[in-house]
Amino acid sequence: MLRRRGAADDPTVHRITGARQGLADDVRGRQRRYVISMLVRTAAVVLTLLLWNVSRPLAAVTLVLGVVLPYVAVVVANAGRENAPSLPSTFLAEGATRSLPLANEDPHKRS
């Protein structure tokens, strides 16, 4: 009988710690940063209105912040996913012990 070589025959073991952050978590974090940036922009625009007759130079600074911040917030929000070059190798060393038996081994057998 012919037997296909499958995942059960593959001795390579992968580490879960080498995985990147989940896509949903990444999107949620970028949305949170964008909302915070827009709240800061709203505060800057309100400060511009409140400070216009009190201190024009300070009002001009808050106005510039309110104009520039949306562009910066969009660029930061669309920056993409992080790279993780410093994570450990995703493969275990050749002589590493396994916590679980292979699929073709008896799971109740103790060695």
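Student: What percentage of the chain's residues count as buried?
Tutor: Buried means under 20% relative accessible area, exposed means over 50%, and partly exposed is in between, with a 1.4 Å probe and protein chains only. This is a predicted model, where local features need pLDDT of at least 70, side-chain atom pairs count only at pLDDT 80 or more, and totals for chains, interfaces and linings use all residues. Residues are numbered from 1 along each chain as its sequence is written, and side-chain values use heavy atoms, with hydrogens and water left out. Of the 111 residues, the buried share is 14%.

Student: How many helices and strands does the chain have?
Tutor: Both come from DSSP runs numbered from the N terminus: helices are H or I with at least four residues, strands are E with at least two. Helix 1 covers residues 23–51, and helix 2 covers 56–77. The tally is two helices and zero strands.

Student: What do the end C-alpha atoms of helix 1 say about its span?
Tutor: The expected span is 1.5 Å times one less than the number of residues. Helix 1 has 29 residues, so it should span 42 Å. That agrees with the distance between its end C-alpha atoms, which is 42 Å.

Student: Which helix do the buried residues of helix 1 pack against?
Tutor: The buried set in helix 1 is D26, G29, R30, S37, M38, A44, T48 and L51. Contact here means heavy atoms within 4.5 Å. On that basis, the buried residues of helix 1 pack against helix 2.

Student: Which residues does T48 contact, leaving aside neighbours within four places in sequence?
Tutor: T48 is found in helix 1 and is buried, at 7% relative accessible area. Its side chain reaches the backbone nitrogen of L63 at 3.1 Å. Beyond those sequence neighbours, T48 is in contact with A59, T62 and L63.

Student: How far apart are the closest N and O atoms in the salt bridge of D25 and R28?
Tutor: A salt bridge needs a side-chain nitrogen of Lys or Arg within 4 Å of a carboxyl oxygen of Asp or Glu, and the count by this rule is two. D25 and R28 lie three residues apart in helix 1, about one turn. D25 is partly exposed at 38%, and R28 likewise counts as partly exposed, at 43%. Their closest N and O atoms are apart by 2.8 Å.

Student: Are R30 and D26, the salt-bridge partners, buried or exposed?
Tutor: Their closest N and O atoms are 3.2 Å apart. The two are four residues apart in helix 1, about one helical turn. An α-helix has 3.6 residues a turn, so residues three or four places apart point the same way. As for accessibility, both R30 and D26 are buried.

Student: What area does the nonpolar surface patch with W52 have?
Tutor: Patches take residues with over 30% relative accessible area and no salt bridge, joining like charges within 9 Å and nonpolar side chains (Val, Leu, Ile, Met, Phe, Trp, Tyr) within 5 Å. W52, in the loop between the helices, is partly exposed at 38%. Its patch also includes L63, V64 and Y71, and the area is about 830 Å².

Conventions. Polar contact = N/O pair within 3.5 Å; in protein donor to acceptor, adjacent residues only side chain to side chain. Areas by Shrake-Rupley, 256 points an atom, 1.4 Å probe, with all protein chains shown as cover.
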